[in-house]
Each structure stands twice: as C-alpha cells, then as structure tokens.
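Colleague: I would like to go through this model with you and ask what stands behind the terms used for it.
Modeller: Go ahead; here it is.

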Amino acid sequence: MNKPERFRPPSVDTVLRSPGGEVAIARHGRAAATEAVRRVLEQLRGGGQPLASSPEEISRTVLDWLEERGRPSQRPVINLTGTVLHTNLGRALLAEEAIEAVVTAMRAPTNLEYAIETGQRGERDAHVRELIRELTGAEDALLVNNNASAVLLVLNTFAREREAIVSRGELIEIGGAFRMPDIMSRAGALLREIGTTNRTHLRDYAEAIGPQTGLLMKVHTSNYVVQGFTAEVEPAELAKLAREHGLPFVDDLGSGTLVDLSRWGLRKEKTVQDALKGGADLVTFSGDKLLGGPQAGIVAGRKDLVARLAKNPLKRALRLDKLRLAALEATLRLYRAPDSLAQRLPTLRLFTRKPAELRALAERLQPQLAAALGAGWIVDPIDCASQIGSGALPLETLPSAGLAIKPAGKAAGSAVEKLAAAFRAVPVPIIGRIAQGALIFDLRCLEDEALFAGQLDALNAEPGDGLA
Ligand SMILES: *Cc1c(COP(=O)(O)O)cnc(C)c1O
C-alpha cells in the first residue's frame, strides 16, 4: 500500500545555499562546487536514495567528493615493508642537502647549460662529471634518465646492428619489465648469448668474437644468485680479451656503489671504482639504488667511449633535467665526507639502524597499536629481516625488528587482508606485508614515530575476532 515515494532531490541552488554548500564554494570555488552538487544529485537519483537526503547531507557528500578529487594522486606513504629501496615506493629517499638543491633549482633559472665565466653555452652533465671522476677515478662520465637508459644508450652506440656478447647466466629480468634481451633488441643490438646458465668460460667469449662483435658485456645478476656448479669469467680477464680485439668491455653494475659497504658492517658489494680498476671500459649504474640519490643512469669510464655516447642522438632523448642533476650533484658531494655519510644519506642511515634501536621502537609502539586495534587483535614485537631491495645485494638481509598483528580468535582468512587495507586507507597510508597469517610491520624505515602514531586515530579496522 505504502508505495515508496520517489526521491525528490533538492535543487542545485538549495544545496549550494546550505551552510555545507557555502563551505564547498569557499574552499573549492563556485564552478567546482556546482559541478560536484550536480554529480552527487545525479548519483542520488540513479541510486534511488531515501527521502531523507537533506541539503545538509548532500553537501557533506559533495565536500567529501571535492576533497577526494583535490588530493594529489602521488602522496607520501609509510614504508613498513622491510624493503629499504622499494621500487614501487620510489626507491631512495633524498638527503636534506639534495632536497634543498632541488628546491633551489626549481625556484630560479640556473646555469644548467650555461658557462657563467665565458657567457657561452655550457654542458649540463658537467655539473656532475668532475664529482664522478673524483669519486670513482673514471676518465669521464655521462648522465641519463635511469640505468635502463644507460644500458640502452651503450648498446645502441656500440652494438647497433652488431653483436653484444653476454653470458646466458646474466640475461636478467628486473622488476617492471626490464629484460636484458628486450633492451638489446630495442637498442638494435643482436644478442649473442654464450655459455650456459650456470657456467661460462673465457673461451666461450673468445670463440664468439668476430667481425660482427660490437662489445662484451657483463651484467650484475642483481636479483638472483647462481649457486652450486658454477663458473664465470673474472672481469679482468674479460677486459684483457676485449682489449686484444679492440672492443669495449661494459660492466652493468646495476645498483652500483661508491663506498665499501663493509665499513658499516654490510656485505661488501663491488664498487664502481673496483669495476673500473678491474678493467671495465664503461660501467653503468643507477642513481637511486645504493647510491641513494635521484633516479638517474650513470655511465662512467673511458673518455673516447663517453664522447661517442654523448654524440648519439638518443642521449638528447634520455637526458636528465635540472632538478635531478641538482639532486645528484648534492648527493655525490656527500660522498666526499664518508665519515658522515651514514647520518646524512637516508639510504645508508636506514641500512645501518641497529636491531636494538628498532626493537625498542617496536616495544614503544606496541601498546599504542594494540589500543588502536582493540581486543580482537594480538600485537607482538618481533625480530624480522629487512631487505636492501631494488636488485642490490639480493641475498643480504639486515636483522631488524617490527610488529606482527594477528587475529585474537578464529577469524576469516581475509581478516588480515582487510586489516592491511584499513592501514592503507589512513591519511598517510601505512604499508606492511602479510606473512604466515599476520600483518608484519618492519620498522627499519620508520623514522617519524609521531607520524605513524598520528595515523592510528584514523584507523578503521574491523575486529580481528570477527565479532563486530
Ligand atoms: C636495476 C638494474 C637496471 C635498471 O636500472 P634502473 O635504474 O632501474 O633503470 C639495469 N641493470 C641492472 C643490473 C640492474 O640491477
């Protein structure tokens, strides 16, 4: 009998004139507010909303919608994954010195390609070249967009329509679809695979060299290790072979580091200096992996070869902008004072945090987290292991500490996933990882304790025991 009345929405004007509507106009402008009211009203009509949608309620939805739309798409998150150089979370955090340099370069014109003394045209890579030479002993250096670009440029310059000789044990795939064979073909190089997955010998290289050969390449197996019955050729031997045939020998270091990490108790990774001393004519490495700078690709090595790279028209397409050059220059300057590097370079600072410090942090946060979650969840401080990430030192883990959150009772299998989603839904999303039925927060990368605690007020978690 009581046929439900059709929803008769208020007019756009009525909503705009309500107090909430006025706030929407003040914050977002009349045009955006009007557009938002129209949309929300349309949705309400389509959804057969109840009569009770007053102008006030509607204007609240309108404000939410406008706020949501005004939020930047890329925004800060709290990385509790335990992976320090997390590619999906933007890899290295910049040092304050680098951040300041970027801000300065953003606000004003700079001498990016301008020689101040002579008033003539200058060269953008010159701002960083001397530093790289000084720090690595390289004759010369060149900068591009990222290490994938560096590899592409090198292959295209020296092996276009020629062969690039690489061991089958080094045909890597890095996350995000960087596959060495694909890069080769896009560079116009013919991949000449040699050896086997586990064993490659000097004679394999020697036998493959012919009139078609453009270069010899060694690729750092960044994210895996070949173990057991294995053989690879020492770079020095490869360098010698390449020299005998007048071919460039390129060592793609991937991450690349400028310092002996064992100084800070980490496992020593071959440095750029080591690779150059070992005879590489060119080395390629990333700016935002172990180096701890902005995204960039660095090629360092022989002057005559770098000059050929610089002449390749692709260099123009792959060049760095002034902001990243500013960040890279400031980052490299920090390497002049290795003693303070572990304080000033966030990547190294995070790598070297002590398990005891992280354990104490876990103990401090445990009660706050437990209180925010309520009785349905058990929160325990745990020991865990962080990873370096981004294909650097793939097997190296760093002893760390964190918090494990488990349902108190018998909960649906999806309860922990829902909890992880609730932590991602707070204003500064908290990103952990799920392992063995628990949500794990590795605290290695948490330096701003108050920021984390502040998010807990906004946490909207379902009880872990399923008793809503
Ligand atoms: C990471 C990596 C690359 C790609 O470097 P990006 O800076 O991510 O472009 C290339 N080669 C190796 C060996 C790597 O580890």
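Predicted model: local features only at pLDDT ≥ 70, side-chain atom pairs only at ≥ 80, totals over all residues.

Colleague: Which residues of E17 point which way?
Modeller: Ala438, Ile440 and Asp442 point one way, whereas Leu439 and Phe441 point the other way, and all are buried. In a regular strand, side chains alternate between the two faces of the sheet.

Colleague: What makes E14 and E17 a pair of strands?
Modeller: Two strands pair if DSSP finds at least two bridges between them. Strand E14 (residues 397-407) has four bridges to E17, in the antiparallel sense. Within this pairing, leucine 403 is opposite phenylalanine 441 of E17.

Colleague: And what joins E16 to E17?
Modeller: Strand E16 (residues 433-435) is joined to E17 by three bridges, again against a cut-off of at least two. The pairing is antiparallel, and arginine 433 stands opposite isoleucine 440 in E17. E16 and E17 form a hairpin with two residues between them. In that turn, glutamine 436 has a positive phi of about 50 degrees.

Colleague: Which strands of this open sheet are its edges, and why?
Modeller: The order of the four strands is E13-E14-E17-E16, with antiparallel pairing. Strand E13 (377-387) and E16 each have a single partner strand, so one side of each is left without a neighbour in the sheet. On average, neighbouring strands here are turned by 35 degrees against each other, direction ignored.

Colleague: Which helices lie against this sheet?
Modeller: Helix H17 (residues 355-373) lies across E13, E14 and E17 and runs at about 15 degrees to E14. H18 packs on the sheet too, touching E13, E14, E16 and E17, and its direction makes about 35 degrees with that of E17.

Colleague: How many aromatic pairs does the structure hold?
Modeller: The structure holds two aromatic pairs. In one of them, phenylalanine 423 and phenylalanine 441 are 4.9 Å apart centre to centre, with 85 degrees between the planes. Ring centres must lie within 6.5 Å, and planes over 60 degrees apart count as edge-to-face, so this pair is edge-to-face. Phenylalanine 423 is in helix H18 (residues 415-424) and phenylalanine 441 in strand E17, 18 residues apart.

Colleague: What makes phenylalanine 441 and phenylalanine 452 a pair?
Modeller: Their ring centres are 6.2 Å apart, which passes the 6.5 Å limit. The planes stand at 85 degrees, so this pair is edge-to-face. Phenylalanine 452 lies in helix H19 (residues 449-455), so the pair ties E17 to a part 11 residues apart in sequence. Phenylalanine 452 is buried, as is phenylalanine 441.

Colleague: What is the order of the seven-stranded sheet?
Modeller: The order is E4-E12-E11-E10-E9-E5-E8, in an open sheet with mixed pairing. Strand E4 (140-144) and strand E8 (190-194) are called edge strands: each pairs on one side only. The twist from one strand to the next averages 25 degrees. Inside the sheet, strands E10 (residues 249-254) and E11 (residues 282-286) run parallel and are joined by four bridges. There aspartate 252 is opposite threonine 284 in E11.

Colleague: What does UniProt place at residues 10-45?
Modeller: The unreviewed UniProt entry gives "domain: L-seryl-tRNA selenium transferase N-terminal" for that span. In the model, residues 10-45 are 89% helix and 0% strand, and the end C-alpha atoms lie 11 Å apart.

Conventions
Residues numbered from 1 in each chain as written. Heavy atoms only, no water. Buried < 20%, exposed > 50% of the residue type's maximum accessible area, 1.4 Å probe, protein only. Axes fitted to C-alpha atoms, helices over the stretch in contact; angles between N-to-C directions. Phe/Tyr/Trp six-rings, centres within 6.5 Å; stacked < 30°, edge-to-face > 60°. UniProt positions renumbered as here; feature names shortened; annotations may be inferred. Contact = heavy atoms within 4.5 Å.
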